[in-house]
Amino acid sequence: MVSSGLVDSYRDKSDICYSYDQAVAAMAFVARGDFVNARRVFSALANLQNADGSWNHSYACKTGAVLGAQRYVGSNAWIVLAIAHYEKRSGDTVTYHVMGESAVNWMRLFQQGDGGLNGGYDANGAFINWASTEHNEDSYGGLNHFAYPSDGAEVKSFLDNVVWNTAQSRWNQGRNDPLDPLDVNPLGVQALGTSGVRPYVLSLNYAYSHHRNVQTWGKGRTRIQIDGFDFNSDHNDIWVEGTAQMAKTLFLSGSTNDGSYFLDQIIRTQSSSGGLPYSVKGTFNGDFTMSKNEAVASTGWLILAIENINPLKP
């Protein structure tokens, strides 16, 4: 954590703090009962919140200068979820509540006729026409926590009826987008449970058959084999954050042995500082090149899994 109160997203030479990573870090602090550091992150975010209630995609950690001007529904939804967890665990429902509610009301502006929330604004301030499954999974719990159940019900309808892939028992990447990133499946189960309108838990079977693979980690005589899940289905990397998401969801679904197994696999990549790499190989996943450096996202998700916290259900 730097003096601004933000948490540097990667252990490298860059000075970049992603909004999503701030939410994961705050939630991990809350999970460990460290409300002092959670409040440091929330207070830093309060200083960065835009007048319309949103946050930008990324900031310079030391100065808070905007680096990524995009305003995505998904990363804003994660900050809302982090505030909700803080309120539930700390009992403090006042300090950051207005901050969270302002963000929720900004998110609600993007709801469409099919119930889905579109992505937000791009770096030029233009309205995004696509809707991400993950963004909507992220938003569901926050909408309900901040007492917008009808909006939450519409989001659930979108997840059940627009982006659920019935033929393969999994979620698509988004509206009219059948790509198969890993995270929409474990996050969907965390948001909606193991069953309901659709057999949500079956999406984990898809992850096993299309994303699971083994990669070599380390150098020289310390090289070891790591069994985990890739971001996409090309089987050329282990996405450590996503594998932690899967482990948490396996615990949630009752597959505790498998959950423990995959946690043990990624813990083998842990450095002496306690950090986990973002991915094992650092490949391009179709959206961005994943870092091999220690990352807040993967390390935070490890804590959430170990502490048995479901981040999508405050």
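**Pockets and a hairpin in a predicted model**

Me: What volume does the largest pocket have?
Reply: Its volume is about 1000 Å³. A pocket here is an open set of points on a 1 Å grid over the protein atoms alone, where a 1.4 Å probe fits, with protein on both sides within 12 Å along at least five of seven lines; the volume is the space filled by probe spheres set on the points. This is a predicted model, with local features needing pLDDT of at least 70 and side-chain atom pairs pLDDT 80 or more, while totals for linings use all residues. Residues are numbered from 1 along each chain, and side-chain values use heavy atoms.

Me: Which residues lie nearest its centre?
Reply: His57, Glu134, His135, Asp287 and Phe288, out of 35 lining residues (an atom within 4 Å of a point). Elements giving two or more residues to that lining include α3 (73-90) and α5 (133-145); helices are DSSP runs of H or I with at least four residues, and strands are runs of E with at least two.

Me: And the second largest pocket, how much space lies in it?
Reply: About 470 Å³. Its lining has 21 residues, with Val7, Asp8, Ala295, Val296 and Thr299 the closest to the centre.

Me: Which element gives the most to that lining?
Reply: α11, with four residues.

Me: Changing topic, how many bridges join β8 and β9?
Reply: Six, between antiparallel strands at residues 212-217 and 224-229; strands pair if DSSP finds at least two bridges between them. Thr216 has Gln225 of β9 as its bridge partner.

Me: Which residue of that hairpin takes a positive phi?
Reply: Gly218, near 100 degrees.
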